[in-house]
Amino acid sequence: DHRLLLRSSLPLLKSRNSGVVLGVCSLHYYCGVASIKIRSALGKSLVRIYHDRREIQFVVLNSIRALVWKCPSAFLPFLNDFFVKAMDPSFTRLVKLDILSALCLEPNSIRAVLNELGTYIRHDDKAFVCASVRAVGKVTD
């Protein structure tokens, strides 16, 4: 029954309803097998619904932040999607910084993230600049 539930829930990742996608991701996170293929499908679906509506963005980003520490390779192809945009609210910027620092696994991603963090240092928001400097410290460790 457990395998049937997990297998039959995977097509729901293609749903347009973000609640359904988050529910399936939670199911596989807590009850599923840590397969790279399934984690990649979860990552792709979460990034897809992250771009949907602004109201959902913070909830999805927090879910991604929880998943990225367990399986960062699922989100590595979407590194550019987590770069901070000019119109992002301050709470979203801070979550994106955590995600970016967790995705620094290989030299190319480290270089891209450090270049991006260098541009954040000139931002008007002082709290965001401080968080960016802390993120540079995390990445360089």
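This is a predicted model: local features need pLDDT of at least 70, side-chain atom pairs count only at pLDDT 80 or more; totals for chains, interfaces and linings use all residues.

Residues are numbered from 1 along each chain as its sequence is written, and side-chain values use heavy atoms, with hydrogens and water left out.

Q: How many helices and strands does the protein have?
A: Helices (H or I, at least four residues) and strands (E, at least two) are DSSP runs, numbered from the N terminus. From that end, the elements run α-α-α-α-α-α-α. The tally is seven helices and zero strands.

Q: What radius of gyration does the protein have, next to that of a compact globule?
A: The radius is taken over C-alpha atoms, and the globule rule is 2.2 Å times the number of residues to the power 0.38. For 141 residues that rule gives a value near 14 Å, and the protein agrees with it at 16 Å.

Q: What share of the residues of the protein counts as buried?
A: Buried means under 20% relative accessible area, exposed over 50%, and partly exposed in between (1.4 Å probe, protein chains only). Of the 141 residues, the buried share is 41%.

Q: How far apart are the end C-alpha atoms of helix α4?
A: The expected span of a helix is 1.5 Å times one less than its number of residues. Helix α4 (residues 54-70) has 17 residues, so it should span 24 Å. The model agrees, with the end C-alpha atoms 25 Å apart.

Q: Which elements do the buried residues of α4 pack against?
A: Those buried residues are Ile56, Gln57, Val60, Leu61, Ile64, Leu67 and Val68. They sit on the same side of α4, because they cover an arc of only 135° around the axis (taken from the directions from the helix axis to the C-beta atoms). On the other side, Glu55 and Trp69 are exposed. Going by contacts (heavy atoms within 4.5 Å), the packing partners are α2 (18-31), α3 (36-50) and α5 (90-102).

Q: How many disulfides does the count come to?
A: The rule asks for a pair of cysteine sulfur atoms within 2.5 Å. By this rule, the count is zero.

Q: Which cysteine sulfur is nearest to that of Cys71, and how far away?
A: Cys71 counts as buried, at 11% relative accessibility. Cys71 is in no disulfide, and its nearest cysteine sulfur is that of Cys25, 12 Å away.
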